[in-house]
Amino acid sequence: MQSPIAAERLVATTDHLIRPDQNLSDRQQSWIHPRLSQSVDPIKGRQLRASQPVQKGELLLVDLPYALIPVVDCPEQSDDIRCSNPACHRRVARPVERVSCPTRCSAEVVWCNPSCRESDNARHGFECTWLKKYAVSIRSKWGEYDFGMLWLIVRILASRHVELHHSPPSDNTGPDHFHHSSFGTGWNAIQSFCGSQDSWAHSQVRHWTMLVKKYLGSSPSLPHGMTANEVLNLICQEEANSFGLYPRETGTFPLPEHAVDRGEQFGAGVYPTAALANHSCSPNIIHKPDNQSRMVFVASKDIAAGEECCISYFDLTKKVDLQARRDHLQGSFRFVCKCDRCVSEEPPEEEVQWDAFPSMEDF
């Protein structure tokens, strides 16, 4: 099935790209372009490639989050809070419309209506006691970043719990099943994420180890049944593969004359298929969450058969010069970018000047 072409300015949102015959109005369905495939590079690891040519503007991927958390300063006043129910995840802009947890476990935990809250009981029940017990103390002692990271891990574990104990058998009879089956889904996909303890600085791993022992051990308040080392490995994977959610697209390049940044982050999540995409400072994909928090990939350039499909891991309007880009990627993702753009911007190596060899007569 041919994916649609965006006639207007490229904005990675399913609102104007998805045709009715693609049946993507169903929140529970992801969509992968039939020409999008995955492969393994001996250096870069897993990657996405175009098996056949793809045109600029084509929709490539609509991926459901496995777990998602809000990232806002004032949840009671924010217009970017999303419904906590994974089957919805719609924006709940007006506080008067929000339904909160009866235990008031966290101000960020809201649903768009009582039905969404009720159908989310199994998943939220897994995290509720943990939030009530630890959210305030973690924030005050370790700050927002560590709290957000820990909460996202808890939500991953909550989704795993629901998948293992409450999910009905999947329907493998759909027309796209054979294509989708080549991509991992659910908890199996999360386990295959790149990232290990060796990927990170020893000081960082020691810090995470302490947080796991203090806040993420398997217990009645967090009954995940995993070992501390398994949870630590999950953190290493999540930190290397999670997405920030921003209101505008990420990865437009070359930058237009009047470049607009991607805006303020309002969420963070892990996406099983989107995590396969590697980084380039001259990406051929732009990405952005839609109004249901699905991550949407759109081709921003014509992509040739066999070409790797890459996104940008950061806002290209914020870090323009080579050193700033490489410093950020080295610090945040632990690699030195060698994309075509970075290599082309490297300063030329200084030529070594050799003195003339002395002649035999000089000896």
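The sulfur of Cys-309 lies 7.5 Å from the closest cysteine sulfur, that of Cys-310, which is too far for a bond, since a disulfide is counted where two cysteine sulfur atoms are within 2.5 Å. A disulfide is a covalent bond between the sulfur atoms of two cysteines, and a search of the whole structure finds zero of them. Cys-309 is buried, with a relative accessible area of 1%, whereas Cys-74 counts as partly exposed at 40%; here buried means under 20% relative accessible area, exposed means over 50%, and partly exposed lies in between, as computed with a 1.4 Å probe on protein chains only. The model is predicted, so that local features need a pLDDT of at least 70 and side-chain atom pairs count only at pLDDT 80 or more, while totals for chains, interfaces and linings use all residues. Residues are numbered from 1 along each chain as its sequence is written, and side-chain values use heavy atoms, with hydrogens and water left out.

Strands of a sheet pair through backbone hydrogen bonds, either parallel or antiparallel. In this model, four strands form an open sheet in the order S1-S4-S12-S11, with antiparallel pairing; helices (H or I, at least four residues) and strands (E, at least two) are DSSP runs numbered from the N terminus, and two strands pair if DSSP finds at least two bridges between them. The edge strands, each pairing on one side only, are S1 (31–32) and S11 (285–289). Strand S11 is joined to the antiparallel strand S12 (residues 295–299) by five bridges, and Met-295 in S12 is the bridge partner of Pro-289. Strand S2 (residues 36–41) and strand S3 (residues 45–50) are also antiparallel and pair over six bridges, forming a hairpin with three residues between them; within this pairing, Ser-39 has Gln-47 in S3 as its bridge partner.

Seven aromatic pairs are found in a search of the whole structure, where rings of Phe, Tyr and Trp (its six-membered ring) pair if their centres lie within 6.5 Å, and planes under 30 degrees apart count as stacked, over 60 as edge-to-face and the rest as tilted. Tyr-134 and Tyr-215 form an edge-to-face pair, 5.2 Å centre to centre and with 85° between the planes. Because Tyr-134 lies in helix H3 (residues 121–142) and Tyr-215 in helix H7 (residues 202–215), the pair ties together parts that are 81 residues apart in sequence.

The whole structure contains 13 salt bridges, each being a side-chain nitrogen of Lys or Arg within 4 Å of a carboxyl oxygen of Asp or Glu. Asp-120 and Arg-123 meet in one of these, at 2.8 Å from N to O, and both residues are buried; together with Glu-127 and Arg-155, they are linked in a network of salt bridges. The side chains of Arg-325 and Glu-345 also meet in a salt bridge, at 3.0 Å from N to O. This pair links distant parts of the chain, with Arg-325 in helix H9 (residues 322–333) and Glu-345 in helix H10 (residues 340–345), 20 residues apart. Arg-325 is buried, with a relative accessible area of 0%, whereas Glu-345 is partly exposed at 34%.
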